[in-house]
Amino acid sequence: MQNSLKRSDGRANGHLRSLKASFDIFGYTAGSILFELGNTKVLCSVTMQPGVPPFLKGTGTGWLTAEYSMLPTATSIRTQRESTTMKKNGRSVEISRLISRALRSVISLDKLGERTITIDCDVLQADGGTRTACITGAYFALEHSVNYWVSTQQLPPSILKDSIVAVSAGIFQGESILDPDFSEDSAIDSDFNFVINKSDAIIEVQGTAEKKPVSWDQFEQLKNLAICGAHQLFTFFEQQNIAQKSPVAPAVVQSEPVSNNKQGKKNKDAPMFSLMNRMAQ
């Protein structure tokens, strides 16, 4: 696939931004992560407390919920805190619900007992893709927490059913691209967010054609890019074996942007090509 588009950071169309993960940022949670996707930085923490919402009382079933918020200086123009405006931001509520739905799809709530897991996702710096970064960070913070709760016999080993990540993809200047940053996202033709499990199955898709309708062929390209991005995320975390580490000391791993590897310029599209070839077989 020839890409004529020159992206702002030099990435190929099918590559994520640089990745960095720092675990156990907080001392009062079972698990937390500072996840960096390029210049987007999100902090996700996980807690578990007794009690469930009223509609679940007496059922023996637990609950999982998430809260998403952006710090006032996460963007170039300061935003007011919700506590000062005395009202919920509609965007924050919508993204909170998305993260909650995505994470509930991978946990057996009936094995949780009448307890509630809360995942707090705070955007420290926004440069596009904050909701997908939060879902990915929230999942690995949850997995980290579950490992701790299982090791301390607070939860059964089989409570996690699946693994998920989330990526964004869109049509920019007529080409399909993975993981747009803010400069691309603000001028994008169409924008889609994919939540995908380890088997390449879709948990949820959000998308819109902001300027031009999206053909099914284009959507297929975006889906393939999203699966390619999901593989990159899973590989990043698996290679570091972070999720299995006990939460004793902070763990930090980092991957450089693929575009920085000038020696491998001829093969910079190899991850996407290998995925496309496998899907065509």
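Helix α3 covers residues 130-151 in this predicted model, and its length can be checked with a quick sum. Following α3 comes Q153, which has a positive phi, near 60 degrees.

Next up is the sheet. Four strands line up in the order β7-β6-β8-β9, and they make an open sheet with antiparallel pairing. The edges are taken by β7 (175-178) and β9 (202-209); each has a single partner strand, so one side of each has no neighbour in the sheet. On average, neighbouring strands are turned by 15 degrees against each other, ignoring direction.

Zooming in on one pair, β6 (residues 164-172) and β7 run antiparallel and are joined by four bridges. Take G170 as an example: its bridge partner in β7 is I177.

How do the helices sit against these strands? Helix α2, made of residues 90-104, packs on the sheet and touches β6, β8 (190-197) and β9. The direction of α2 makes about 150 degrees with that of β9.

Terms used
Residues numbered from 1 in each chain as written. Predicted model: local features only at pLDDT ≥ 70, side-chain atom pairs only at ≥ 80, totals over all residues. Heavy atoms only, no water. Helix = DSSP H or I, 4+ residues; strand = E, 2+ residues; numbered from the N terminus. Expected span 1.5 Å × (residues − 1). Pairing = 2+ DSSP bridges. Axes fitted to C-alpha atoms, helices over the stretch in contact; angles between N-to-C directions. Contact = heavy atoms within 4.5 Å.
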